[in-house]
Structures are given as C-alpha cells and as structure tokens.
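Work through the exercises below with the sequence and the 3D structure in view. Each task is followed by a solution in steps.

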Amino acid sequence: MAEAKDERRPAGELEATVMAALWAAGVPRTPGQVQLSLGAGLARTTVTTILSRLHEKGIVGRERHGRGYAYFPVQDAPGLTARRMHTELDRDDDRRTALARFVAQLSEDDERVLRDLLESGEQ
C-alpha cells in the first residue's frame with residue numbers, strides 16, 4: 001500500500017502550492033529553498049520541474065543564482081486568476097456565448113462589481 005506522500009497530486013495543485021510559497025517569500029527563491037518552505041512531501045527535483053514549467057508558461061521569472069536559478073512570481077494571485085480566465089476564453093470558439101454564460105452565473109455582488117469596473121474603466 002502506497003503512503004500518502006507517494007500519491008500523485010494534480011499538476012495544478014502542485015503549481016498552486018509552489019506559487020503560494022513564492023508569493024509568501026516575497027524574494028526570489030531557489031528550488032531547494034522552495035522545497036524547504038513547503039516541508040516534507042515534495043522532492044527537490046519535483047519542485048525544480050514545477051518551477052521550470054511555470055517559467056515556460058511565463059508565470060514565474062528567474063535569475064541566475066550560482067549554477068542554478070532563483071524564481072519569482074511575475075504576477076500576484078489576482079493577476080494569475082485573470083490570466084487563467086483569458087486563457088479559457090481564448091480556447092473557446094464562441095467567446096461571446098462563453099462571456100454571456102459567465103456573466104449570467106455571477107452573484108449579484110460580483111455583477112455589481114463588474115458593472116462598476118466597466119463604468120469606471122478601472123483595471
């Protein structure tokens with residue numbers, strides 16, 4: 001029987017965990033430093049792979065740190081959410097219908113916020 005730490009987690013969950021560690025750090029972190037901040041459960045090589053993939057996606061930047069890299073987020077959490085929303089819209093051939101259904105499912109409070117943002121031109 002496999003131990004809990006050996007069970008595979010979805011890539012999105014691992015990416016979210018690594019991003020949370022980078023946001024909390026506030027400064028560029030090496031894969032080893034990220035691994036230490038996450039505690040037990042992820043191998044350094046796994047963290048390195050996740051950071052490399054996030055870099056390829058443009059979600060994190062990196063700078064030289066010795067023979068390797070230190071990584072940092074290029075957006076805050078709300079910026080990343082907005083990016084994901086745009087990605088999903090770009091995947092759909094019928095953008096108008098997708099947006100209409102998204103808006104139709106907003107809560108009254110979210111709809112009010114969206115209307116206020118659109119009217120003010122705030123970003």
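**Exercise 1.** Is K57 buried, partly exposed or exposed?

Step 1. K57 has a relative accessible area of 42%. Step 2. Buried means under 20% relative accessible area, exposed over 50%, and partly exposed in between (1.4 Å probe, protein chains only). Step 3. K57 is therefore partly exposed.

The model is predicted: local features need pLDDT of at least 70, side-chain atom pairs count only at pLDDT 80 or more, and totals for chains, interfaces and linings use all residues. Residues are numbered from 1 along each chain as its sequence is written, and side-chain values use heavy atoms, with hydrogens and water left out.

**Exercise 2.** Find the salt-bridge partner of E15 and state which parts the pair ties together.

Step 1. A salt bridge is a side-chain nitrogen of Lys or Arg within 4 Å of a carboxyl oxygen of Asp or Glu. Step 2. E15 pairs with K57, with the closest N and O atoms 2.8 Å apart. Step 3. E15 lies in helix α1 (residues 11–25) and K57 in the loop between α3 and β1 (60–65), so the pair ties together parts that are 42 residues apart in sequence. Helices (H or I, at least four residues) and strands (E, at least two) are DSSP runs, numbered from the N terminus. Step 4. E15 counts as buried, at 11% relative accessibility.

**Exercise 3.** Describe the salt bridge between R112 and D109.

Step 1. Their side chains meet at 2.9 Å, N to O. Step 2. Both residues lie in helix α6 (residues 108–120), three residues apart, about one turn of the helix. Step 3. R112 is partly exposed, at 44% relative accessible area.
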